[in-house]
Every structure is written in structure tokens, then in C-alpha cells.
Amino acid sequence: MSLLRTLRDTLVFAPCYIALDWASYIDPVGPFNITPWNPQHGLAIVWMMLGGLQHVGAVLGTVVLAEAVVRGLPGGAVIAMLTSVTLAGGYAAMASVLRTLLPDRGLRSARHLTLLAGVALAGTALVGTAFVGLLRGANLLGATPVPEALLRFWLGDAVGILVTAPLLLAVADAERRAGLLALARRPETLLQAAVLAATLWLIFYGPGGDPARLFYLLFVPLIWIAARGGMNAAVAATALVQIGVVLGIRREAGAAPPVLELQALVAAFTLTGLYLGMMVDERERAAQRLRQTLRLAAAGETAGAIAHEVNQPLTALANYGQSALMLLERPGLRDPALAEIIGKMLQESRRAAEVVRRLRDFFHSGTTRLEPLPAGELLAAVRRIGRQVLGPESEVLRVRAESGLPDLYVDRTQIEVVIRNLIANAHEAIHQGAPPSAIEVQAQRQDDGHLRLVFADSGPGLSAEMRERVFEPFVSGKASGLGLGLAISRAIAEAHGGSLSARAAAHGEFHLVLPCSQNP
Amino acid sequence: MQPESLTVYIVDDDASVRDSLALMLGLAGQRTAFFADAEAFLAAWRADWAGCVIADLRLPGASGIELQAEMRRRGSPLPFIIITAHGDVPAARAAFRADAVDFLEKPFDHEQLRAAIGNAFSKENLRLRRAADAGRLGLLTAREREVLAAAARGLHAKEIARELGISARTVEVHKTRIMAKLGARNVAELVRFALAAEPPPPAK
């Protein structure tokens with residue numbers, strides 16, 4: 001099965017790699033793969049980053065094949081083999097480092113971007129030293145001085161990775177892919193692409209003569225594009241400009257364009273665009289979070305006001321009912337049937353009061369009071385709440401925990417609200433999923449002083465798109481309900497210094513992370 | 001003192017809550033008086049009022065807790081029951097710090113309310129009895145007070161006579177007078193008065 005998948009992936013990867021290698025084999029140092037732009041290496045790194053390091057064999061085979069197809073093994077089979085091993089090994093190492101540094105395999109913050117850029121720059125410098133050293137050792141560099149060859153290799157590979165990897169990671173990431181597609185449907189995007197193309201044309205065919213002189217003009221549309229479309233648009237724009245520059249260089253091959261300088265400019269352009277896009281995204285996310293918080297606060301205020309207003313008539317209602325019962329106890333006025341009805345009315349008014357009380361408790365306007373809570377008590381609370389919520393179906397709930405879990409440091413009441421909410425959601429979800437129904441709560445210790453509670457259910461799960469949407473206030477997947485439960489639960493988890501997140505999967509899965517007591 | 005002379009003073013801005021409380025408590029045999037806000041209550045208040053106050057936490061103008069503080073400032077020890085439709089923990093804490101008898105969340109159970117009023121009234125009765133005792137003690141002469149204090153220590157007539165340097169017969173006469181003045185039927189009741197005289201007499 002996994003072998004079959006590797007084979008299938010290889011059949012996609014290898015032609016793409018060779019095509020990119022061929023397309024970008026311009027202005028080389030001698031007959032070797034030292035060119036100003038090497039996007040195929042970005043492809044190899046992303047494949048191993050996403051698919052796993054076991055692909056290193058397939059990558060090595062592809063590199064050798066490309067060497068033979070594109071360049072015809074200029075240094076002989078031995079040199080081709082040695083350089084290919086250097087490349088494949090070096091890029092596998094970089095992929096491995098990136099797998100550790102970017103555990104969710106996506107670029108979500110400026111820090112991620114910095115890590116990627118750092119790994120690309122440092123990794124290509126090391127690989128380049130080995131690669132150029134090999135050629136120098138075999139005396140194959142000809143007249144080219146080692147520093148120049150090294151600089152070209154380094155710049156070409158680093159830019160190749162920086163331009164290609166974000167684009168490929170975006171395409172592989174369901175959320176970003178959706179964002180890119182949405183972007184492609186906007187008329188503004190077409191205009192932006194046209195402006196970029198026109199600017200590129202001006203740079204290469206305009207009055208300046210030297211393309212590097214007018215390159216700065218590209219930064220203007222870049223600002224526009226990144227400011228409007230964020231990281232997704234920046235990724236697309238940098239890729240477009242890189243392709244444009246390569247095409248321009250190919251056309252102008254006769255006039256000996258300043259390839260190295262242009263590539264350095266593309267590198268600066270790419271980094272600027274990506275950071276700008278990331279900043280725009282982060283600002284947008286912060287604004288969104290603020291909006292959510294404000295909506296939540298408004299909902300809390302509303303609930304408090306409603307509770308107050310409804311409690312007054314409920315109080316009067318209960319008092320009048322009680323008065324009626326007292327009157328009915330007087331001699332001559334005794335009427336057991338009427339007394340029973342009034343008793344039922346009183347009971348209903350108490351029920352209404354209970355609903356209002358729960359609504360108010362849900363928002364828990366009071367401050368969070370943290371205290372140590374043994375993990376065993378938390379799990380007991382999960383079981384107790386499970387019994388209350390699931391009723392006769394409580395046998396579907398399984399609670400699993402490793403032994404020796406540390407004490408938590410939480411507000412017990414608030415955390416019970418979160419647990420109740422998650423179990424109630426799971427309960428509704430299992431009725432929409434295929435049997436057999438199951439809800440599993442698993443407690444795991446984390447290394448960073450937190451405890452992770454995984455709530456998994458046999459329900460239909462969430463799509464990548466709904467994964468974040470469900471935490472927005474007033475967004476509900478249910479026919480009834482305000483759509484506040486998860487929003488409030490996440491707010492509570494974050495107020496504790498923990499988190500609440502959903503996994504996009506074919507079954508429901510929520511992860512609640514809570515802080516542990518400082519003194520275990 | 002009979003409980004009938006104790007009144008439940010209701011301070012709530014919600015007319016229905018006020019009316020229903022008055023009806024329910026009235027049917028339960030309680031004397032009630034009600035006010036829409038703290039200012040109306042203070043304007044009507046007289047120092048000889050006895051019973052308890054049920055005040056809403058949130059009122060137009062001064063809050064229930066502020067009203068309680070104002071009453072303490074004026075020297076009234078009337079017990080307070082704070083009620084609120086906005087049950088929040090800090091408010092409850094503030095109410096108890098301000099020495100409220102109870103803090104009830106609306107809508108409350110009528111049993112809860114009855115228990116709270118019962119508490120408040122027993123506190124009030126104790127205060128009234130102390131005050132009355134102190135008032136009667138004021139009727140005694142200096143010599144009678146000495147005899148009472150000695151009797152409270154468990155001394156017999158002869159021992160008291162020796163201690164005060166008077167005849168046993170005179171002691172008996174004093175005792176009879178004291179019992180008449182205080183309305184005590186036996187020595188045990190006398191001792192209770194004597195003990196009540198020990199702590200500083202509460203405000204009249």
C-alpha cells in the first residue's frame with residue numbers, strides 16, 4: 001500500500017522535477033547544474049517535508065535521471081553520482097530540519113517564514129560548498145573562480161526554494177488552496193496579474209536597457225497585491241515574477257543580461273512580498289480575533305441583561321403562585337386539584353429559572369479562579385458529565401488516560417462548562433455518523449507543562465473550512481442552539497493559557513489543552 | 001416581644017416583585033411595608049422600627065448594600081436580606097462583608113426566603129430583649145443592682161447580707177422589689193437579667 005503510494009507519488013514527482021530542471025537550466029556555470037534559479041530543489045524539499053524522508057531514494061534516482069536527461073552527465077557517471085548524492089542528501093537533511101521546525105507543515109506566521117528562510121539560506125550554503133568543492137576537486141570548474149560558482153549556486157538554490165516552497169506548501173494546504181482558488185476568482189487578481197506582466201515587460205523591453213535598473217518598479221504592484229490578498233496573493237505574485245524574470249532572461253540570452261543581479265533582486269522581492277503578505281494575514285487574524293472577542297463579550301452582556309430582566313417576572317410569578325397555594329390551604333377554599341395545577345406552574349417557573357441560570361453561568365461573568373485539580377478528578381468529572389449528558393447512551397463514552405498524570409491548574413466550574421459542551425456536541429454528532437456510535441476522551445501529558453484532552457467521536461467530523469468557522473460566535477452546525485458553545489469554550493480555554501482546536505478529519509476530534517499545576 | 005410587632009420592610013424597584021412579596025408574606029401572617037427605592041425607605045424610617053429589610057441589590061439611586069451601610073451609620077441594627085436578579089459572586093461577598101443576614105438570588109424558593117426571614121427575626125428578637133432588659137435594669141436603685149449582681153454570682157441571702165453589711169431580711173425585701181421591677185418570676189430569670197446587664201447595653 002505505502003509502496004504503491006510512493007510509486008504513484010514518484011511518477012508525479014519525477015517528471016515535474018525534470019521539467020523544472022530543464023526549464024530553469026539557464027546561464028549555467030560550465031555544463032553543470034549551477035544556475036541562477038533552481039526551483040526543482042524546492043519541489044524535492046517540499047515532497048520530503050510533506051511525504052516523509054523515505055522518499056530520499058526516489059529523489060536521488062530523479063536527480064541522477066535529470067542530470068542525464070537535461071545535461072547528459074557532463075562530468076561523467078561518477079561525478080554525476082557524487083553530486084546527486086550531495087544534492088539529495090542535503091535536501092533530505094533540510095526537509096528533516098523543516099519537519100521538526102514546522103510541525104504542522106505550513107507557513108502560518110512570520111516566525112515560520114523566518115525559519116524557512118533561515119534553513120534555505122544555511123542549507124543551500126552548506127550543500128553548495130560540498131557541490132562546488134566536489135567539482136573543484138575533480139577540476140571541472142574550468143575558468144570559473146570557486147567563490148563565484150559558490151555564490152551562484154547558493155543564490156540560485158536559495159531563491160529557488162524560497163519561491164517554490166511557499167507556493168507548493170500553499171497548494172498542499174487545504175485551507176491555503178481554498179484561499180488561492182478564491183483569489184483566482186476575483187476580478188482584481190486578473191488586473192494585478194496584468195499589471196505585474198506589464199511591469200515585467202517594461203523592465204525587459206522598456207527604455208531602460210538594463211533590466212536590473214528598473215526592477216524596483218515591481219515592488220509597487222507587490223505592495224498592492226500583498227496588502228489586498230495577504231500571504232496567498234504574495235506567494236502567487238512572487239512565483240509569477242520569478243517565471244517572468246526567467247522568461248525574460250531566456251529571451252534576452254543574446255544580450256547577456258545580469259542574471260546574478262536579477263536573481264538577487266528576485267530574492268529580495270520574494271522575501272519582501274512574503275513577509276508583507278504574512279504581516280497582512282497576521283493583522284487580519286488579529287482583527288478577526290478581536291471581532292470574535294467583542295461579539296462574545298456582547299453576547300455575554302446580552303445574556304446577563306436578559307437573565308436579569310427575566311428573573312424579575314419569574315420571581316413575582318413564583319411568589320404569586322406560592323400565595324395562591326397558601327390561600328388554597330385556608331378552610332373553605334381547599335381545592336386539591338387547583339393546588340396541584342398551581343404546584344405544576346410553580347415547577348415550570350423553577351425550570352425557566354434554571355434555564356436562565358445556566359445561560360448566565362455559561363458566560364460566567366466572574367473572573368477565572370485557578371486552583372490545583374488532580375487529573376483523576378477531572379476524568380471523574382468527564383465521566384459524571386458524560387452520564388448526565390448521554391443518559392441511557394452513556395456506555396458509548398470511553399475515558400482513557402495514561403498513568404501518573406500531573407495535577408491541573410484550572411477553574412473547575414469553567415472547565416466543566418467546556419467539557420459539558422464538548423460532550424454534548426459529540427453526542428449530537430454521533431447520531432449523524434455511521435454506527436457503531438462511540439465517544440472517546442483521552443488524556444495525554446505534554447512535555448510543556450500542559451495536559452491534552454482529545455475528544456473523539458464517531459460523527460461525520462469537520463471539513464477544513466468548518467474547522468475554524470465552528471469557533472466563531474453565532475455559527476452553528478445544529479438546527480437549534482445559538483452557536484456560542486465552542487466560541488465560549490475556546491475563550492475559556494485561552495483564558496486558562498490553554499487552547500481548544502478542532503481537527504479536520506472524517507470523524508469528530510477536538511483537542512483541549514489545559515495548564516498543569518506549577519508545583520507537581 | 002411578640003413576632004407580630006416585627007415588620008418585613010421590602011425595598012425593590014420592580015413593582016410586581018414588591019407586590020407579590022407583600023402578598024405572599026402577608027398571607028404567611030407577616031406585617032409588611034414596601035418602598036420603591038432606598039431614598040423612600042430612608043425618608044420614612046423611624047428609629048423604633050423593628051423587623052428586617054429585604055432590599056434589592058440594584059436599585060435606582062443607592063444600592064441595597066449602600067442602604068444597609070447608611071442604616072448602620074444612622075445606628076440602626078435592622079438585619080438586611082439582600083436579593084438580586086443578577087447573582088454574581090463579588091456582590092454576594094460584598095453583602096456578607098457588610099453583615100447582611102442572607103443573600104438570595106432571584107427567583108428564590110419561598111422556603112429559602114422564610115428561613116432567611118426567620119434568621120433575621122431571631123437576631124432581631126434577641127436584640128429587642130436585650131434592649132428591654134437593659135431598659136428595666138435602669139429602674140433599679142444602686143443597692144438593688146448590687147444585690148442583683150451578688151445573686152447572679154450564686155450567693156444566698158445570708159451571704160449577700162454579710163457581703164453588703166445589711167440584714168438578711170433587707171436583702172429579701174430588695175430581692176422581692178427587684179423581681180417585681182424586672183417582671184422576673186424566679187431566681188433563674190433574675191440571673192438572666194444580671195447576665196444581660198454585663199455586656200454594654202445595646203442602643204435603645
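Two strands are taken to pair when DSSP finds at least two bridges between them. On that basis, in this predicted model, 5 strands of chain A form an open sheet in the order E2-E4-E5-E7-E6, with mixed pairing. The edges of this sheet are strand E2 (397-401) and strand E6 (499-502) of chain A, each of which pairs on one side only. From one strand to the next, the twist averages 15°.

Within the chain A sheet, E2(A) is joined to strand E4 (residues 439-445) of chain A in the parallel sense, over 5 bridges. Two helices of chain A may then be placed against the strands. Helix H12 (residues 375-390) of chain A lies across E2, E4 and strand E5 (450-457) of chain A, and runs at about 175° to E2(A). Helix H13 (residues 412-432) of chain A also packs on the sheet, where it touches E4, E5, E6 and strand E7 (508-515) of chain A. The direction of helix H13 of chain A makes about 25° with that of E5(A).

Chain B has a sheet of its own. Here 5 strands form an open sheet in the order E2-E1-E3-E4-E5, and the pairing is parallel. Strand E2 (31-35) and strand E5 (102-105) of chain B are the edge strands, each pairing on one side only. The twist in this sheet averages 20° from one strand to the next. Strand E1 (residues 7-11) of chain B runs parallel to strand E3 (residues 51-56) of chain B, and 5 bridges join them. Within this pairing, B:Ile10 has B:Ile54 in E3(B) as its bridge partner. Helix H1(B) lies across E1, E2 and E3 of chain B and runs at about 170° to E2(B).

The description now turns to the contact between the chains. The size of an interface is often given as the accessible area lost when the parts come together. Chain B and chain A bury about 1,900 Å² between them, and 57% of this area is on carbon and sulfur atoms. On the side of chain B, the residues that lose the most area to chain A are B:Leu27, B:Ala85 and B:Pro107, which together account for 30% of what that side buries. The contact draws 21 residues from chain B and 20 residues from chain A.

Polar and charged groups also meet across this interface. There are 7 residue pairs in polar contact between chain B and chain A, counting pairs with both residues at pLDDT 80 or more. Helix H1 (residues 15-27) of chain B supplies 8 residues, the largest share of the side of chain B that touches chain A. By class, that side of chain B comprises 9 nonpolar, 5 polar and 7 charged residues. Side chains of opposite charge can pair when their charged atoms come close. The count between chain B and chain A is 1 salt bridge, and the side chains of B:Asp109 and A:Arg350 meet in a salt bridge with an N to O distance of 3.7 Å.

Over all chains, the whole structure holds 25 salt bridges. Among them is the one between the side chains of A:Asp173 and A:Arg108, at 2.3 Å from N to O. This pair links distant parts of the chain, 65 residues apart. A:Asp173 lies in the loop between helix H6 (146-172) and helix H7 (174-184) of chain A, whereas A:Arg108 lies in the loop between helix H4 (77-101) and helix H5 (110-137) of chain A.

Key. Residues are numbered from 1 along each chain as its sequence is written. Chains are lettered from A and ligands numbered from 1 in the order in which they are written. This is a predicted model: local features need pLDDT of at least 70, side-chain atom pairs count only at pLDDT 80 or more; totals for chains, interfaces and linings use all residues. Side-chain values use heavy atoms; hydrogens and water are left out. Contact means heavy atoms within 4.5 Å. Buried area is the accessible area (1.4 Å probe) that two parts lose on being put together, summed over both. A salt bridge is a side-chain nitrogen of Lys or Arg within 4 Å of a carboxyl oxygen of Asp or Glu. A polar contact is a pair of N or O atoms within 3.5 Å; within protein, one must be able to donate a hydrogen and the other to accept it, and residues adjacent in sequence count only if both atoms are side-chain atoms. Helices (H or I, at least four residues) and strands (E, at least two) are DSSP runs, numbered from the N terminus. Ala, Val, Leu, Ile, Met, Phe, Trp, Tyr, Cys and Pro count as nonpolar, Asp, Glu, Lys and Arg as charged, and the others, Gly among them, as polar. Axes are lines fitted to C-alpha atoms, for helices over the stretch in contact, and angles run from 0 to 180 degrees between N-to-C directions.
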